[in-house]
Amino acid sequence: MKLGESKEDYLEAMYILKRQKGYVRNFLLCNYLNYSKASVSVAIRGLVAEGYVIKDEHGYVELTAEGLCKAFAFGRILRTDRSISGNCKSRCMPDGTYNQ
């Protein structure tokens with residue numbers, strides 16, 4: 001399934017912010033992407049509904065395995081990143097799906 005460029009931007013930004021800050025919240029995405037709070041909120045709800053992101057009761061958001069694979073599929077995140085478990089990398093298919 002093809003994601004829109006904006007969704008790709010969100011997944012990439014989440015990955016980068018998680019590496020830089022250790023966590024991701026909506027306000028960090030707003031600042032990083034220079035998007036409004038409302039836009040980020042709507043986008044995160046959509047990504048949660050699609051299974052690419054989880055959001056906990058404290059407002060922290062994180063990529064799911066499927067979301068990480070989608071981010072890899074865009075070609076923006078290198079598969080050689082050592083911070084990602086080999087098991088996850090090996091299960092990411094070229095089309096961005098996660099092979100369980």
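This report covers the fold, the nonpolar core and the helix packing of a predicted model.

## Overall fold

The chain holds 5 helices and 2 strands. Read from the N terminus, the elements run α-α-α-β-β-α-α. Of the 100 residues in the chain, 37% are buried.

Contacts across the sequence also matter to the picture. Take the contacts with a separation of 6 or more: residues 24 or more positions apart account for 48% of them.

## The nonpolar core

The largest nonpolar core has 22 residues. Within this core, Met 14, Leu 29 and Val 53 touch the most other members. The elements that give two or more residues to the core are α1 (5–21), α2, α3 (37–49), β2 (61–63) and α4 (65–73). The helix α1 gives the most, with 6 residues.

Leaving aside residues up to four places away in sequence, Met 14 touches Val 24, Leu 29, Ile 44, Val 53, Val 61, Glu 62 and Leu 63. Two of these partners, Leu 29 and Val 53, are named with Met 14 among the residues that touch the most other core members.

## Helix α2 and Asn 26

Helix α2 spans residues 26–33. Its buried residues are Asn 26, Leu 28, Leu 29, Cys 30 and Leu 33. The cover over these buried residues includes α1, α3, β1 and β2. Just after α2, Asn 34 takes a positive phi of about 60 degrees.

Asn 26 lies in this helix. Its relative accessibility is 16%, so Asn 26 counts as buried; the cut-off for buried is under 20%. Not counting residues up to four places away in sequence, Asn 26 touches Val 40, Ser 41, Ile 44, Lys 55, Gly 59 and Val 61.

## Packing of α2 on α3

Two packed helices are described by the angle between their axes and the distance between the axes. The axes of α2 and α3 come within 9 Å and cross at roughly 120 degrees. The two helices, α2 and α3, are therefore oblique to each other. Their crossing is right-handed.

On the α2 side, the contact uses Asn 26, Leu 29 and Cys 30. On the α3 side, the partners are Lys 37, Val 40, Ser 41 and Ile 44. By class, the residues of this contact divide into 4 nonpolar, 2 polar and 1 charged.

## Packing of α1 on α3

The axes of α1 and α3 come within 11 Å and cross at roughly 90 degrees. That makes α1 and α3 roughly perpendicular to each other. From α1, the contact takes Lys 7, Tyr 10, Leu 11 and Met 14. From α3, the contact takes Ser 39, Val 40, Ala 43, Ile 44 and Leu 47. The classes here are 7 nonpolar, 1 polar and 1 charged.

Val 40 and Ile 44 of α3 take part in the contact with α1. Val 40 and Ile 44 also meet α2.

## Tyr 52 in the loop

Tyr 52 lies in the loop between α3 and β1 (53–55). At 5% relative accessibility, Tyr 52 counts as buried, since the cut-off for buried is under 20%. Tyr 52 and Glu 66 are 14 residues apart in sequence. In space, Tyr 52 and Glu 66 are 5.6 Å apart, C-alpha to C-alpha.

Terms used
Residues are numbered from 1 along each chain as its sequence is written. This is a predicted model: local features need pLDDT of at least 70, side-chain atom pairs count only at pLDDT 80 or more; totals for chains, interfaces and linings use all residues. Side-chain values use heavy atoms; hydrogens and water are left out. Helices (H or I, at least four residues) and strands (E, at least two) are DSSP runs, numbered from the N terminus. Buried means under 20% relative accessible area, exposed over 50%, partly exposed in between (1.4 Å probe, protein chains only). Contact means heavy atoms within 4.5 Å. A nonpolar core is a set of buried Ala, Val, Leu, Ile, Met, Phe, Trp, Tyr and Cys residues joined through side-chain atoms within 4.5 Å. Axes are lines fitted to C-alpha atoms, for helices over the stretch in contact, and angles run from 0 to 180 degrees between N-to-C directions. Angles under 35 degrees count as roughly parallel, over 145 as roughly antiparallel, 65 to 115 as roughly perpendicular and the rest as oblique. A crossing is left-handed if the near helix is turned anticlockwise from the far one by less than a right angle, and right-handed if clockwise. Ala, Val, Leu, Ile, Met, Phe, Trp, Tyr, Cys and Pro count as nonpolar, Asp, Glu, Lys and Arg as charged, and the others, Gly among them, as polar.
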